[in-house]
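Trainee: Could you walk me through a model, taking one feature at a time and giving the general idea before the particular case?

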Amino acid sequence: MRNHNELTTIGFDADDTLWQNEQFFRMTEKRFAAMLADHGEEEQISARLLEAERRNLAVYGFGIKGFTLSMIETAIEVTDGRVPASVIAEILEAGREMLSHPIEVLPHVRETVEKLAGAYRLVLITEGDLFDQERKLAGSGLGDLFDAVEIVSDKNAATYARLFRRHGDGAAKSMMVGNSLKSDVVPAIEAGGWGVHVPHELTWVLEHVEAPLAEPRFRQISDLGQLPELVQTIIEGS
C-alpha cells in the first residue's frame with residue numbers, strides 16, 4: 001500500500017530562512033531616513049519608501065537593486081525634486097554595501113540541510129536578483145548540498161507546481177520550507193504540497209498574511225533544526 005504522505009522533494013527558501021537578509025534592509029532604511037531627516041520623521045520617510053516599494057514591485061521585482069531605486073524615487077518625492085546629488089550618491093553607496101555584505105547563515109541550517117541531503121531531492125527556490133542570489137548562495141557554502149537552484153521572479157502556486165514537476169515527483173510529494181507565509185507556505189499548499197513555516201523575527205511587511213491553520217498540510221516549527229524530525233513524522237503518517 002502506498003504511503004499517502006510519501007515525500008521525495010524538499011524546497012527551501014533562501015533569504016531569512018537559510019541566511020540573514022531583512023536585517024540589512026532595516027539597517028539601510030534607518031540610514032536612508034537619517035539622510036532625509038530634514039524632510040520628515042523616520043516613520044514618515046519609511047512609510048513613503050514602503051509605498052514606493054509596493055508600487056515598484058511589479059516593475060523591479062524583489063531585491064536590493066529594486067530597493068535602491070525605490071529609495072532614490074522616495075528621496076526625489078520627499079524633497080520635491082531638490083534632493084542633492086550627494087544624497088543620491090550616498091543612497092547608491094548604501095545599496096552597493098548591501099550587495100557586498102558577508103553572508104550570515106542562520107542557526108541549525110547547515111546540519112539540517114546536510115542531514116536531509118541524499119535522502120531527499122533538495123531544491124533552493126528563491127526570489128530576487130539573479131546576481132545577488134547567486135553571490136549569497138556561493139558565500140553561504142551551502143550550494144553543493146542542493147540538487148537544484150531556482151531563482152524566480154514570483155512565488156505562486158503555478159511556480160511551485162512547475163518546479164516540483166521539474167525537480168521532483170510533483171507538488172503532492174513535495175514540501176516547501178520558508179519564513180514567508182505569503183511566498184513560501186500558502187502557495188506551496190495551494191499547489192498541493194506541504195508548507196512548513198519557520199518564522200523569522202524580521203519579515204517584510206509586504207510578506208504578511210494569515211497562517212493557513214485549517215490546512216492539513218500546514219506545519220510550523222520554531223527553527224530549522226526541528227525540520228528532520230517533522231519530515232520523519234509526516235512520512236510516517238502521524
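Mentor: Let us begin with leucine 142, which sits in the loop between helix H6 (130–140) and strand E3 (148–152), where helices (H or I, at least four residues) and strands (E, at least two) are DSSP runs numbered from the N terminus. This is a predicted model, in which local features need pLDDT of at least 70 and side-chain atom pairs count only at pLDDT 80 or more, while totals for chains, interfaces and linings use all residues. Residues are numbered from 1 along each chain as its sequence is written, and side-chain values use heavy atoms, with hydrogens and water left out.

Trainee: Is leucine 142 buried or exposed?

Mentor: Buried means under 20% relative accessible area, exposed over 50%, and partly exposed in between (1.4 Å probe, protein chains only). Leucine 142 counts as buried because its relative accessibility is 0%. Leaving aside residues up to four places away in sequence, leucine 142 touches Leu18, Val105, Val109, Arg110 and Leu137, a contact being heavy atoms within 4.5 Å.

Trainee: Which way do the residues of strand E5 point?

Mentor: In a regular strand the side chains alternate between the two faces of the sheet. In E5 (residues 194–197), Trp194 and Val196 point one way, Gly195 and His197 point the other way, and all are buried.

Trainee: How many bridges join strand E4 to E5?

Mentor: Two strands pair if DSSP finds at least two bridges between them. Strand E4 (residues 174–178) and E5 run parallel and are joined by 4 bridges, with glycine 178 standing opposite histidine 197. The chain passes from E4 through helix H8 (residues 181–190) to E5 in a right-handed β-α-β crossover, a term that applies if, with the strands pointing away from the viewer, the path from the first strand over the helix to the second runs clockwise. E5 also runs parallel to strand E6 (residues 218–220), to which 3 bridges join it.

Trainee: With which residue does aspartate 15 form a salt bridge?

Mentor: A salt bridge is a side-chain nitrogen of Lys or Arg within 4 Å of a carboxyl oxygen of Asp or Glu, and a search of the whole structure finds 17. Aspartate 15 forms one with lysine 136, the closest N and O atoms being 2.9 Å apart. This pair links distant parts of the chain, 121 residues apart, with aspartate 15 in the loop between strand E1 (9–12) and helix H1 (22–35) and lysine 136 in helix H6. Aspartate 15 is buried, with a relative accessible area of 15%, and lysine 136 is buried at 5%.
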